[in-house]
Amino acid sequence: MLDRATLTPDAGPNLGSSLDAQADWCADYEVVRRAIAFITEAWRSQPEAEAIATAAGVDIRTLNALFRRWAGLTPKGFLQAVTLDHAKRVLAGSGNVLDAAFELGLSGPGRLHDLFVTHEAMSPGEWQRGGAGAVVRFGFHPSPFGTALVMATARGLAGLAFADPGGEAAALADMRARWPAAQFEDCRDATAPLVRRIFDPTAWQPEVPLRVVLIGSDFEIRVWETLLKIPFGRAASYAALAHDIGRPTAARAVGAAVGRNPIAFVVPCHRVVGSGGALTGYHWGLTRKRAMLGWEAGWRAAAA
DNA sequence: CCACCAGGCGTGA
DNA sequence: TCACGCCTGGTGG
């Protein structure tokens, strides 16, 4: 098992927590997004790196540099990371997701690339009672997966959404609709530190866990808690999740609950795929789900 | 690989 | 009660 010291900014993707890296994130993601869209559409013809670069609107050298910076992998490695084969490889076996994680030595304290999270769960009723007049502060920030919308309460991180260019208003409306009684305040200064930390694996450490608030039904909370057990760079199926929470026949209901996860990326709903490894859906777009799995694959490769 | 189907289940209206 | 989903396993191309 590797320790965090091997993950210096030089060894890993992007530039740690430097502000320059943050400024580059969205520009990089635009190219990544175009590359993934092209690969997804043209995978049958096994496109060359050259063709991918053209489709992404950059030259091949730029493409190489960009992928190294963005996720520490080559375009070829990236190509592999967004295929069905890769999804199957990272798919933990059926059965208990947590047990599978421990068997693989990827779970437990000190595991690699774990965004350590402590959570507090609230039912919608509790939220409404205790949160009458609750203030939710939000801000838009660059991230490796496009513009991120971060929502925070005094109790911790409550929401994380994504927006493609021009989709900021829709993302905000989506989030606001989840907590109709709350007051919202645009306050990027409050959310900026969260973003820096969330998207920089070199900043993840167990000593200072990230506090999150999960607001949902009992069933949803159980599903979301289980998502937090899926190791970085791996995947679980909806059926395995259903099995894990003791409702083996409720895979579809699990899918719906996963889809309602308010804290994208941090609660890793992007690590849930169909039983056969297919990426069946993602609230913030399948392209973004592929990007996240590819990014995690790159970080794992860089650390290994 | 695709299309379609039925069984399945928690949610919100 | 009902339609709706980030489902799944089976059938027939």
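User: What counts as a polar contact here?

Analyst: A polar contact is a pair of N or O atoms within 3.5 Å; inside protein, one must be able to donate a hydrogen and the other to accept it, and residues adjacent in sequence count only if both atoms are side-chain atoms. In this predicted model, a polar backbone atom of Ala 239 sits 2.8 Å from a phosphate oxygen of DNA strand C. Ser 275 uses an N or O atom of its side chain, 2.9 Å from a phosphate oxygen of DNA strand C. For a base nitrogen of DNA strand C, look at Gly 281, with a backbone N or O atom 3.5 Å away.

User: Which elements give two or more residues to the surface near DNA strand C?

Analyst: Helices (H or I, at least four residues) are DSSP runs, numbered from the N terminus. "Near" means that a heavy atom of the residue lies within 4 Å of the strand. Here they are α11 (238-244) and α12 (251-259), and α12 gives the most, with 6 residues. In total, 15 residues surround DNA strand C, with Tyr 238, Ala 239, Arg 252, Ser 275 and His 283 the closest.

User: How far can I trust chain A?

Analyst: Check pLDDT, the predictor's confidence in each residue, from 0 to 100. Chain A averages 87, and 85% of its residues score at least 70. Over residues 1-12, though, pLDDT is below 50.

Definitions and conventions
Residues numbered from 1 in each chain as written. Chains lettered and ligands numbered in written order. Predicted model: local features only at pLDDT ≥ 70, side-chain atom pairs only at ≥ 80, totals over all residues. Heavy atoms only, no water. Contact = heavy atoms within 4.5 Å.
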